[in-house]
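These are my notebook entries on a single protein chain. I set out to look up its sheet, one of its helices and its ring contacts.

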Amino acid sequence: MSAKNFVPANNAQIIYEWQEQIEKFISKNIPDAKIRHTDLDRIHGIINVSFKNIRGGQIAQILSDKEQICVSTGSACTSDILQPTTVIKYFESNPEWQFPLRISLHSFLTNESVQNFCEVLAHYCQEIRNR
């Protein structure tokens, strides 16, 4: 398929629906996951999640290397953190939860790719915990 034939989902509603889908999947299928700031107004399409005793960088590296999926770690102004930033420590004092993963959604995704991401994320969280 050529790029000019691809019609991106430029509707903010679909981004919101994908965000809801991912957050519900994580909550239901990945134990000891903490999705940040669901009680606040947020920019749709950005999910900040921590997995107890799993560094965001571990998941990010595995997703990149094995699945060619890009996610970020830390907060919007940091990445690949080895020590939690002051901001992260402010939001989370427990070190078991201080290495978040930031998932950013965009209009070039598909329903299939979002579902695949959910399943892959759950798989690698479980794999890391079983080590």
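Before I could say what covers a residue, I needed two terms: contact means heavy atoms within 4.5 Å, and buried means under 20% relative accessible area. I also noted that this is a predicted model.

Entry one: the sheet. I looked up the strand order and found an open sheet of four strands, β1-β2-β4-β3, with antiparallel pairing. I then asked why one side of β1 and of β3 is left without a neighbour in the sheet.

Entry two: a strand pair. I looked up β2 (residues 46-51) and β4 (residues 101-104), and found them antiparallel and joined by four bridges. In this pair, I traced Val49 to its bridge partner in β4, Leu101.

I recorded 18 residues in α1 and a reach of 26 Å from first C-alpha to last, close to the 26 Å expected at 1.5 Å a residue.

Which residues of α1 are buried? I listed Ile14, Ile15, Trp18, Gln19, Ile22, Glu23, Phe25 and Ile26. Their cover includes β1, β2, β4 and α4 (111-129). An α-helix has 3.6 residues a turn, so residues three or four places apart point the same way.

I searched for aromatic pairs and found zero. I did find the charged end of Arg55 over the ring of Phe99, 3.9 Å from the ring's centre.

Note on methods
Residues are numbered from 1 along each chain as its sequence is written. This is a predicted model: local features need pLDDT of at least 70, side-chain atom pairs count only at pLDDT 80 or more; totals for chains, interfaces and linings use all residues. Side-chain values use heavy atoms; hydrogens and water are left out. Rings of Phe, Tyr and Trp (its six-membered ring) pair if their centres lie within 6.5 Å; planes under 30 degrees apart count as stacked, over 60 as edge-to-face and the rest as tilted. A charge sits over a ring if NZ of Lys or CZ of Arg is within 6 Å of the ring centre and within 35 degrees of the ring normal. Two strands pair if DSSP finds at least two bridges between them. The expected span of a helix is 1.5 Å times one less than its number of residues. Buried means under 20% relative accessible area, exposed over 50%, partly exposed in between (1.4 Å probe, protein chains only).
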